[in-house]
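Please keep the sequence and the three-dimensional view at hand while reading.

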Amino acid sequence: MTYSGAVKLDGPADVHELTDLMISKVAVGPMNNNAYLLRCRATGEQLLIDAANDAATLLTLIGDDGITSVVTTHRHGDHWQALAEIVAATGAVTYAGRYDAEGIPVPTGVLVEDGDTIRFGRVELTARRLVGHTPGSIALVYDDPHGHPHLFTGDCLFPGGVGNTHQDPEAFASLIDDVETKLFDRLPDETWVYPGHGDDTTLGAERPQLPAWRERGW
């Protein structure tokens, strides 16, 4: 079946099958959050992005093979409520942005800087720090050697706009600058975007809207 990225609470995962990587997307609580399980097809090693909630759902998705690591995209509580239980059950190494780790109650094993590489199996993800939604949010880029990039944006980029900056003009300016220079300026239109909530999109679908986002200020 064709991957759509449309998932709902208590519904099945949607699986995006790439040559070297399988991406399973599932919706969990508390705010219809997206969690993503990435599996290296060569080795079977797995990484989870955002243990948001519903640990039982996530552990079922992970299965008997476990996970080597779990990445928390940012400090907001709706993105780590199942983290302690997932780590306890799997022994996974925890990753988070250096400037958000202090706001995550589960200890961070690896502090991530802008440009750092996170590896599992034969797969590499590149972290990009995006400042504004939180001080240390990170997006993750998988540069597929067989196709276009895949981008996991947490709450920093969605269809139709950047993440919430709570009507703070400085935070908004920082976030949209980072999103533009570190994502749109470096990645092609075909880049598939997997956000922290809701449906997927592509950079090409969103790029024409950047001037309008700047003008409206959110």
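Predicted model: local features only at pLDDT ≥ 70, side-chain atom pairs only at ≥ 80, totals over all residues.

The buried residues of helix H3 pack against strands S9, S11, S12 (157–158) and S13, and also against helices H4 (203–206) and H5 (210–216).

**Helix H3**

H3 consists of 16 residues, and the distance from its first C-alpha to its last is 21 Å, close to the 22 Å expected at 1.5 Å a residue. Its buried residues are Ala171, Phe172, Leu175, Ile176, Asp178, Val179, Lys182, Leu183 and Phe184. Because they cover an arc of only 160 degrees around the axis, they are on the same side of H3. An α-helix has 3.6 residues a turn, so residues three or four places apart point the same way. On the other side of H3, Pro169 and Glu170 are exposed. The N-terminal end of H3 is capped by Asp168, which has a side-chain oxygen 3.0 Å from the backbone nitrogen of Glu170.

**The nonpolar cores**

Which residues touch the most other members of the largest nonpolar core? They are Leu38, Leu125 and Leu140, in a core of 22 residues. Two or more residues of this core come from each of the strands S2 (21–28), S3 (33–40), S4 (46–49), S8 (117–120), S9 (123–130) and S10 (137–143). Another core, of 20 residues, lies apart from it; Val26, Ile62, Ile67 and Val106 are among its members.

**His150**

Is His150 buried or exposed? With a relative accessibility of 1%, His150 counts as buried, because buried means under 20%. Its side chain forms a polar contact of 2.7 Å with the side chain of Tyr194. Leaving aside neighbours within four places in sequence, the residues in contact with His150 include His16, Leu18, Ile23, Val141, Tyr142, Asp144, Thr191 and Trp192.

**The loop between S4 and H1**

Ala52 is located in the loop between S4 and helix H1 (55–62), and Asn53 lies in the loop between S4 and H1 as well. Ala52 is buried at 0% relative accessibility, and Asn53 is buried at 18%. Beyond four places in sequence, Ala52 is in contact with Val28, Gly29, Pro30, Asn33, Leu58, Asp78, His79, Trp80, Gln81 and Ala82. Asn53, counted in the same way, touches Val28, Gly29, Pro30, Leu58, Gln81 and Ala82. The side chains of Asn53 and Gln81 are also joined by a polar contact of 2.8 Å. Ala52 and Trp218 are 166 residues apart along the chain, and their C-alpha atoms are separated by 25 Å.

Most residues other than glycine have a negative phi, and most peptide bonds are trans. The peptide bond from Gly29 to Pro30 is cis, with omega near -5 degrees, and Pro30 is placed in the loop between S2 and S3. Asp10, which is not a glycine, has a positive phi of about 65 degrees; this residue lies in the segment before strand S1 (14–17). His166 is not a glycine either and has a positive phi of about 55 degrees; its place is the loop between strand S13 (161–162) and helix H3 (169–184). Asp10 is exposed at 81% relative accessibility, and His166 is exposed with a relative accessible area of 54%.

How many disulfides does a search of the whole structure find? The search finds zero. A disulfide is a covalent bond between the sulfur atoms of two cysteines.

| Residue | Relative accessible area | State |
|---|---|---|
| His150 | 1% | buried |
| Ala52 | 0% | buried |
| Asn53 | 18% | buried |

Notes
Residues numbered from 1 in each chain as written. Heavy atoms only, no water. Disulfide = S-S within 2.5 Å. Core = buried A, V, L, I, M, F, W, Y, C linked by side-chain atoms within 4.5 Å. Buried < 20%, exposed > 50% of the residue type's maximum accessible area, 1.4 Å probe, protein only. Helix = DSSP H or I, 4+ residues; strand = E, 2+ residues; numbered from the N terminus. Polar contact = N/O pair within 3.5 Å; in protein donor to acceptor, adjacent residues only side chain to side chain. Contact = heavy atoms within 4.5 Å. Expected span 1.5 Å × (residues − 1). Arc of directions from axis to C-beta.
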